[in-house]
Amino acid sequence: GSPPGARSGQPARLGEGGVRSWVRVALLLSAVLASVWLGWSRFLGAGRDDMFLTLWSGLQLARGEGLINHDGVPLEVSSSLLHTWVVALLALVDAESLVLSNKLAGLAALLGTLVLLAGPGRSLLGRGAESVPALALVLAITATTPSLVYWSLGGLETGLAVLLWTALPLALARASEDASRWRALAGIGSLFVLTRPEGLLVLLLAATLFVALGDRGPSPALKRGALAWLVTFAAVSAWRLTTFGSLWPNPVLAKADPTLDDVLRGARYVVGLYTSSWLMATLGAVLLVALGRAVRGRSGGDVTLAILSSVVAQHAFVVATGGDWMEHHRFLQPIVPLLAILLARGLGARLTGPVGAPRLVLCAALLGLLLQNQEQASTVRSGKWAMDSTALTAHGPAPEARGLTERTLAANAVWRRDAEDLFPFLEENLAGLAERTGEPLV
């Protein structure tokens, strides 16, 4: 039965339900602290130069210049409109600390995902909604998966995308049961449309899969939610056309040209995620089993189907577009919390029945081992991951500039390919300039 304070058919809120609820609060705080420590100690310098496109856009917006390129021409150089607005707000508060505050905003979005999972999102766990081990499993994976923490601090919109995409299955499932809850579905989807330029396509695919797997027609709430997504996209598209003369932001126009090679590369991108660590391999196996059961039985409950639809839609987008050239599978990070939920649901009664101390210790040790041994795998576009500065020495510039250059490039997680392009420029231009000016830091 539900613990004291719980509403009928729903998990108790945090702070309700006696001792078990306070254990959940302790789990949440532990997950938050683990995520903050991991992010601050290891990944504060994460990210790519694309981050500075968004910072530029947000800064100019805060200054009243609008969305312009570096030459002053109106151009949407950031791929995320919502993230640009967030950066603009941060710039209004303190433009001097914008790089750091932007990264911390991404970390805050990840922490928001943890709060969601420990609060309303617990209903995604099904029978494990009141299970402390089930919640601990999901929070541990979400809080300490290196690639997820890395990209939450990467300065891009990934943290926002993770939060919204984790909330989507919850909204889908609730809207299918109660038509009055379409507003949450509409709001979450509309924010995702503003977060990612392809957001509408992925949302519509997820909604279509949800209807198809459930072998039923779309509910009135789903129709209303989808209509809100379309209205949001239409409004943004009209603004883009009148302002920039294009339906898409510049990064999409510059990179989106899907071919058969992109599809094959996208498939390798997905395989790369699930071969990057034993934990990811486990989550991939759980996904295949859950998807096979849902396809065969055309059932599994609204929550399971909503999660599977959201996960498969993201996979389809990544495969169709060839993935992302950046490290650590950035485009697939929004599905990590959902994969963790599928694992907890798949374990089912093993996490909801009486749990003795030996079994609990064994499970904790196994999970700790999986989390500790996750690899920082590169993506299929990257070549060799060159986080270690020693990989750059063969292409180094003049000896007097090599130490600072290597430290700078290593701290910014540069690829070997980037180093090969950059070092000749440094050797030809900056080394001589340093000698002439007597300024070694040039």
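Modeller: Happy to! Let's begin inside: L339 is buried, with a relative accessible area of 1%. Keep in mind that this is a predicted model.

Colleague: Okay, and where is L339 found?

Modeller: L339 is found in helix α15.

Colleague: What is L339 in contact with, leaving aside its neighbours within four places in sequence?

Modeller: With those neighbours left out, L339 contacts Y274, L283, L287 and V311. Take V311: it is 28 residues from L339 along the chain, and their C-alpha atoms are separated by 7.9 Å.

Colleague: Nice. How many of the 12 residues of α15 are buried?

Modeller: The count is 9 of 12, so α15 is largely enclosed by the rest of the structure. The buried ones are V336, P337, L338, L339, A340, I341, L342, L343 and A344.

Colleague: How far does α15 reach from its first C-alpha to its last?

Modeller: α15 reaches 17 Å, which is close to the 16 Å expected for its 12 residues at 1.5 Å a residue.

Colleague: What about the way α14 and α15 cross? At roughly what angle is that?

Modeller: Roughly 145 degrees, with the axes of α14 (residues 302-321) and α15 (residues 336-347) coming within 10 Å. The crossing of α14 past α15 is left-handed. In general, the angle between the axes and the distance between them are what describe two packed helices.

Colleague: And which residues meet there?

Modeller: From α14 you have V303, T304, I307, L308, S310 and V311, and they meet L338, L339, I341, L342 and R345 from α15. Sorted by type, the residues of this contact are 8 nonpolar, 2 polar and 1 charged.

Colleague: Is H329 buried or exposed?

Modeller: Buried: the relative accessible area of H329 is 3%.

Colleague: Which residues of α10 are buried?

Modeller: They are A221, L222, G225, A226, A228, W229, T232, F233, V236, S237 and R240. These buried residues pack against α3, α7 (158-177), α8 and α9.

Colleague: And what follows α10?

Modeller: G245 does, and its phi is positive, near 75 degrees.

Colleague: What about S219, where is its place?

Modeller: S219 sits in the loop between α9 (199-213) and α10 (220-244). S219 counts as buried because its relative accessible area is 19%, and the cut-off for buried is under 20%. Not counting residues up to four places away in sequence, S219 touches A175 and S176.

Colleague: Where is V77 found?

Modeller: V77 is in the loop between α2 (50-62) and α3 (81-94). V77 is also buried, with a relative accessible area of 6%.

Colleague: What is V77 in contact with?

Modeller: Aside from neighbours within four places in sequence, V77 contacts L53, W56, S57, N69, N250 and P251. V77 and N250 are 173 residues apart in sequence, yet their C-alpha atoms are 5.3 Å apart in space.

Colleague: Zooming out, how many helices and strands does the protein chain have?

Modeller: The chain has 19 helices and 0 strands. It holds 442 residues, and buried ones make up 49% of them. Of the contacts with a separation of 6 or more, 77% join residues 24 or more positions apart.

Conventions: Residues numbered from 1 in each chain as written. Predicted model: local features only at pLDDT ≥ 70, side-chain atom pairs only at ≥ 80, totals over all residues. Heavy atoms only, no water. Axes fitted to C-alpha atoms, helices over the stretch in contact; angles between N-to-C directions. Helix = DSSP H or I, 4+ residues; strand = E, 2+ residues; numbered from the N terminus. Left-handed = near helix turned anticlockwise from the far one by under 90°. Contact = heavy atoms within 4.5 Å. Nonpolar A, V, L, I, M, F, W, Y, C, P; charged D, E, K, R; others polar. Buried < 20%, exposed > 50% of the residue type's maximum accessible area, 1.4 Å probe, protein only. Expected span 1.5 Å × (residues − 1).
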